[in-house]
Amino acid sequence: MTADEQQFIIQDITQMLARHWHDVDRNWGRNAHLDYTPDGSYATSLRKRTGIEAIKAFYADRQDRGERVARHLVNNLHVTVHDANTATAIWILSLFAADGVPVLPSKPAIMIADVVDELVRESDGAWKYRSRTITPLFRAPRPIGWISTMSAAGQVNLAPFSHFNIVSTSPPVLIFSCNSPEDRPEKDTLVNVKATGEFVFNLVSYDLREAMNVTSTAAPHGVDEFELAKLEKAACVKVCPPRVAASPANLVCRLLLEKKIAPVAKGDTPSNVVFGRVVGLHIQDQFFDGAGRFDTVKAQPLTRLRGIQYAPPGPIEVMPQPFKRAAETKREAS
Ligand SMILES: Cc1cc2nc3c(=O)[nH]c(=O)nc-3n(C[C@H](O)[C@H](O)[C@H](O)COP(=O)(O)O)c2cc1C
């Protein structure tokens with residue numbers, strides 16, 4: 001292929017990309033699906049849509065959500081021409097979007113993502129996307145709640161949830177959230193917690209990352225993910241579900257409250273937030289520091305970045321608080 005032919009292809013693909021996003025931002029993406037091959041795919045960190053009809057439905061759905069501002073900025077486009085009929089475009093997407101009201105000028109982009117487009121030229125000469133993969137960048141690390149439960153019939157279940165945190169220390173309360181699965185009305189974890197009112201948080205140390213991943217399998221109700229991941233169980237104080245024996249720490253919980261986050265727009269999926277009161281605690285002896293406190297650094301909790309990216313905690317910083325607590329001031333005064 002001559003340099004000129006390559007340049008023409010790059011020009012075609014660049015123009016197509018601009019036209020495509022113009023349609024998405026200013027015409028509800030009514031024609032966006034036509035830029036894909038019949039079996040083309042469009043994948044984000046959340047979902048993969050395969051086939052032109054699924055992509056068409058995605059854009060139709062966005063229009064149904066009503067008045068909306070969205071601007072997709074294509075940056076640093078790099079096209080590699082493999083031959084006369086195939087090419088790859090790699091670029092960075094900045095997405096500014098808001099529902100209903102216009103975006104304030106000071107609002108940052110809601111997403112910066114790497115995009116890889118695989119393109120093919122069809123027999124009529126038109127370039128089409130065979131696949132588009134959008135990988136969002138810069139998500140903050142999140143802790144992971146590895147939740148063990150038991151069904152009313154005594155079947156054990158274990159699954160990870162990164163919509164998780166401790167929300168009160170006195171009394172100690174933690175939350176995790178189950179979104180709605182596509183294949184059944186509710187995840188097993190939620191079914192079990194609602195039926196028994198009990199669950200256990202197991203800390204995922206960096207060493208347990210692969211076992212944790214295995215337990216996220218959408219296994220049929222009744223399948224014991226401890227067995228799938230070859231994890232040893234240990235009994236808990238105060239509740240029936242077992243804990244992960246290899247976990248540095250486990251928090252034993254009773255259901256306090258369950259709150260449904262209802263969809264507000266078409267395409268939203270409901271989530272159920274579970275609040276659990278911590279009623280018991282297991283800590284392995286080797287994770288106590290010299291002062292008798294839990295040594296989080298030694299436990300190396302795994303964090304989730306985006307999608308399937310995970311990391312151990314980064315460098316540890318010690319930062320004294322810039323103010324004195326009331327109790328400290330009182331102690332110094334007496
Ligand atoms: C690291 C990680 C974090 C996850 N976080 C969540 C979450 O916050 N909410 C959720 O509904 N599913 C989450 N999932 C998916 C569930 O673990 C998965 O749907 C699992 O099959 C549910 O199991 P269950 O049906 O046995 O309860 C996560 C998966 C992984 C690997």
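Reader: Which residue stands opposite Trp127 in strand 6?

Author: Arg121 stands opposite Trp127 there. Bear in mind that this is a predicted model.

Reader: How do strand 5 and strand 6 pair, parallel or antiparallel?

Author: Strand 5, residues 111-121, pairs with strand 6 in the antiparallel sense, over 9 bridges. The two strands form a hairpin with 5 residues between them. Gly125 sits in the turn and has a positive phi of about 95°.

Reader: What about strand 1 and strand 6, how do they run?

Author: Strand 1, residues 36-43, and strand 6 run parallel and are joined by 4 bridges.

Reader: Let me step back. How many helices and strands does the chain have?

Author: The chain has 7 helices and 17 strands. Its C-alpha trace spans about 80 × 55 × 40 Å along the principal axes.

Reader: And what share of the residues is buried?

Author: Of the 334 residues in the chain, 22% are buried. As for contacts between residues at least 6 apart in sequence, 58% of them join residues at least 24 apart.

Reader: Which domains is the chain divided into?

Author: Domain 1 covers 3-136, and domain 2 covers 145-311. Their C-alpha centres lie 37 Å apart.

Reader: How many residues of each are in contact with the other domain?

Author: Domain 1 has 6 residues in contact with 5 residues of domain 2. On the domain 1 side, helix 2 (52-64) and strand 6 (127-136) each supply at least two of the touching residues. By class, that side has 1 nonpolar, 2 polar and 3 charged residues.

Reader: Now the ligand. How many residues surround it, and which are closest?

Author: There are 18 residues around the ligand, and the closest are Ala159, His163, Asp188, Thr189 and Ser216. Two or more residues of the shell come from each of strand 8 (156-161), strand 10 (172-179) and helix 3 (188-196).

Reader: Which element gives the most to the shell?

Author: Strand 8 gives the most, with 4 residues.

Reader: What is the shell around the ligand like by class?

Author: It has 6 nonpolar, 9 polar and 3 charged residues.

Reader: How many residues does the largest nonpolar core have?

Author: The largest nonpolar core has 30 residues. Those with the most contacts inside it are Trp146, Ile147, Val200, Phe201, Val204, Met212 and Cys253. Elements that give two or more residues to this core include strand 7 (145-150), strand 11 (198-203) and helix 4 (209-214). The largest share, 4 residues, comes from strand 11.

Reader: What does Val200 touch?

Author: Leaving out residues up to four places away in sequence, Val200 touches Ser148, Cys236, Val239, Pro241, Arg243, Asn250, Val252 and Cys253. Apart from this core lies another core, of 13 residues, among them Ile13, Tyr42, Ile55 and Ala89.

Reader: Backbone next. Which peptide bond is cis?

Author: The bond from Ser170 to Pro171 is cis, with omega near 5°. Pro171 is in the loop between strand 9 (164-169) and strand 10.

Reader: What is phi of Trp28, and where does Trp28 lie?

Author: Phi of Trp28 is near 60°, a positive value in a residue other than glycine. Trp28 lies in the loop between helix 1 (3-26) and strand 1. Trp28 counts as partly exposed because it has 17 C-beta neighbours inside 10 Å.

Reader: And Lys238, is it buried or exposed?

Author: Lys238 counts as exposed, because it has 12 C-beta neighbours inside 10 Å. Its phi is near 70°, again positive in a residue other than glycine. Lys238 is in the loop between strand 12 (233-234) and strand 13 (243-244).

How values were computed:
Residues are numbered from 1 along each chain as its sequence is written. This is a predicted model: local features need pLDDT of at least 70, side-chain atom pairs count only at pLDDT 80 or more; totals for chains, interfaces and linings use all residues. A residue is near a molecule or strand if its C-beta atom, placed from the backbone, lies within 6 Å of it. Ala, Val, Leu, Ile, Met, Phe, Trp, Tyr, Cys and Pro count as nonpolar, Asp, Glu, Lys and Arg as charged, and the others, Gly among them, as polar. A nonpolar core is a set of buried Ala, Val, Leu, Ile, Met, Phe, Trp, Tyr and Cys residues joined through C-beta atoms within 7 Å. A residue is buried if 20 or more other C-beta atoms lie within 10 Å of its own, exposed if 12 or fewer, and partly exposed in between; C-beta atoms are placed from the backbone. Two residues are in contact if their C-beta atoms, placed from the backbone, lie within 7 Å. Domain bounds come from an automatic or database domain assignment. Two strands pair if DSSP finds at least two bridges between them.
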